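Here is a report for anyone getting used to reading protein models. Keep the picture open as you go through the headings.

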Amino acid sequence: MTAVERLPASAPVEVAPELRAEVREFLDEERAAGRFTPRCDAWLVGWDPEFSRRLAGRGWLGMTLPARYGGHERSTLERYVVTEELLAAGAPVAAHWIADRQIGPSLLRYGTEAQRNRFLPAIARGECFFGIGMSEPDSGSDLASVRTKATRVDGGWRIDGTKIWTSGAHRAHAFFVLARSTPLAESPSRHAGLSQFIVLLDSPGVEIRPIPLLTGEHHFNEVHLDGVFVPDDMVLGEIGEGWRQVTSELAFERSGPERFLSTFPLLTTLVDELARRGDRGSGTEIGKLIARLWTLRRMSLAIAVSLADGVAQEVPAALVKDLGTRFENEIVTAAQLLLDLEPDPGGEGLPRLLAEAVLQAPGFTIRGGTSEVLRSMVARGMGLR
C-alpha cells in the first residue's frame with residue numbers, strides 16, 4: 001500500500017481538526033495583539049525568535065521528536081497541520097524553520113547520542129537555530145562538485161572553503177557543512193568522499209558575509225571557513241557517507257508545504273479582493289490555482305508520511321519542489337493579471353503582499369535546488385534519461 005493510499009480519506013480537509021482549530025485561534029490572537037503582520041515567504045524572511053519560543057511553549061516545535069530529547073511524540077500529520085497553518089497565515093517562522101524541518105530529523109537519524117542530547121532539546125525549546133552549508137560559489141545545485149575541504153588533524157578535522165546562500169547564518173547558532181573529506185582524485189566517484197560536519201557559527205575561522213536582497217533585507221549569507229576546527233564528536237553520521245545523508249535530508253527540505261504556500265497569503269487576499277469587487281469572471285483562473293494547490297498538498301502529505309516511515313523520497317520530493325515553485329509564481333502572475341494593481345513594498349494589504357512576492361519570486365527557482373537540476377532528477381528517477 002502506498003503512502004497516499006494509507007492517508008485518511010479526508011486527509012486533505014480534516015487532518016487533526018481540533019489541533020488545526022487551536023493553531024488558528026493562537027494565530028488570530030497573535031495578529032490581534034499586533035505581534036506579526038502576514039507576509040509572503042515568511043518562512044525565509046520572518047525571523048522572530050520570540051514567536052518561535054511561543055510556539056515551542058505550546059509544544060509545536062520538535063513535535064515528532066522522542067520525549068527523551070525534549071520532543072512531543074506527535075504524529076507526522078499533526079506536525080504537518082501546524083506547519084501549513086503557520087505558512088498559510090504568513091507567520092514569522094524563519095528562526096526555527098530549518099532546525100525544526102530537517103536538522104532535527106537528521107540528528108535523530110544520523111547523530112550520536114551526545115549530539116542529540118545537546119541540540120534536540122534546545123531545538124524543541126526554540127532556543128537553537130541552524131543553517132545549511134551545502135551550496136557553494138560556482139557550484140549551483142551540483143552538490144557533488146563541492147570544493148570545501150575537510151582535512152584530518154589531531155582530534156578532529158580542519159574545514160576550509162566557502163558556502164553560499166546560507167539563510168539566517170548571521171543569526172543562527174550552527175550549521176551542517178557538506179565537505180570533501182577524501183580528495184576527488186582519490187575517490188571512486190564524485191559522490192564518494194563527502195562528509196557532513198556540525199559547525200558552530202561562532203567558531204574561530206568562521207566569517208559570515210551578508211548577501212543583501214534588492215530590497216536591502218538581509219537573509220542570505222556567504223560563509224567563509226578558514227581553518228575551522230571541528231572535533232570528532234561533531235562529525236554528523238559516518239565519514240564518507242555525506243552524499244547519502246545529504247540527499248535524504250533534502251527530501252525534507254524539498255517536499256514540505258513551504259514549497260507551495262510561500263505566496264498563499266497573496267492568494268487568499270486576492271480572492272477576498274475579487275469577492276469584494278463582485279468579480280465573477282475570474283472564477284475559472286482562481287479555480288485552476290486552487291485545484292493545483294490541492295494536488296500539491298496531497299503529494300506533499302504522502303511524502304511526509306513516507307519519510308516518517310523511513311522510505312526514501314528524493315525523486316517525489318524534487319517533483320513537489322519543482323511543481324510548487326511554478327505554482328507560487330503563477331499566483332504572482334494571477335494577481336498581476338486579474339487586478340490593475342502596482343506592487344508597493346511600503347503599502348498595505350495586496351500591494352505590499354504583491355511586492356513581497358515579486359521580489360522573493362526569483363529565489364523560488366534556486367533555493368532547495370534549481371528547477372533544471374530537479375527536473376533532471378525526476379527524469380532520471382523515471383528512467384527517461
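## The whole chain

First off, this is a predicted model. The protein chain has 13 helices and eight strands. Of its 385 residues, 55% are buried.

Let's look at helix H2 (residues 17-32) and helix H4 (residues 49-57). Their axes come within 12 Å and cross at roughly 150 degrees. The crossing of H2 and H4 is right-handed.

Which residues do the touching? On the H2 side you'll find Phe26, Leu27 and Glu30, and they meet Phe51, Arg54 and Leu55 in H4. Sort the residues of this contact by type and you get four nonpolar, two charged and no polar ones. As a general point, an α-helix has 3.6 residues a turn, so residues three or four places apart point the same way.

Helix H6 covers residues 94-110, which is 17 residues.

Still, H6 has a bend in it: a kink of about 40 degrees lies at isoleucine 103, shortly before proline 105. H6 is also mostly covered, with 14 of its 17 residues buried.

## H7 and its buried side chains

Helix H7 has twelve residues, and from its first C-alpha to its last it reaches 16 Å, close to the 16 Å expected at 1.5 Å a residue. Its buried residues are Gln115, Arg116, Phe119, Leu120, Pro121, Ala122, Ile123 and Ala124.

Now zoom in on leucine 120, which sits in H7 (residues 113-124). Leucine 120 counts as buried because its relative accessibility is 0%, and buried means under 20%. Leave aside its neighbours within four places in sequence, and leucine 120 is in contact with Leu65, Tyr69, Gly104, Leu107, Leu108 and Gln115.

## Two loop residues with positive phi

Aspartate 41 is found in the loop between H2 and helix H3 (42-45). Its phi is near 60 degrees, a positive value in a residue other than glycine. Is aspartate 41 buried or exposed? Aspartate 41 is buried, because its relative accessible area is 1% and the cut-off for buried is under 20%.

Glutamate 73 is found in another loop, between H4 and helix H5 (76-88). Phi of glutamate 73 is near 50 degrees, again a positive value in a residue other than glycine. Glutamate 73 has 54% relative accessibility, so glutamate 73 counts as exposed, which takes over 50%. To put the pair together: aspartate 41 is buried, whereas glutamate 73 is exposed.

Conventions:
Residues numbered from 1 in each chain as written. Predicted model: local features only at pLDDT ≥ 70, side-chain atom pairs only at ≥ 80, totals over all residues. Heavy atoms only, no water. Axes fitted to C-alpha atoms, helices over the stretch in contact; angles between N-to-C directions. Helix = DSSP H or I, 4+ residues; strand = E, 2+ residues; numbered from the N terminus. Left-handed = near helix turned anticlockwise from the far one by under 90°. Contact = heavy atoms within 4.5 Å. Nonpolar A, V, L, I, M, F, W, Y, C, P; charged D, E, K, R; others polar. Expected span 1.5 Å × (residues − 1). Bend = angle between axes of the 7 residues up to and from the residue. Buried < 20%, exposed > 50% of the residue type's maximum accessible area, 1.4 Å probe, protein only.
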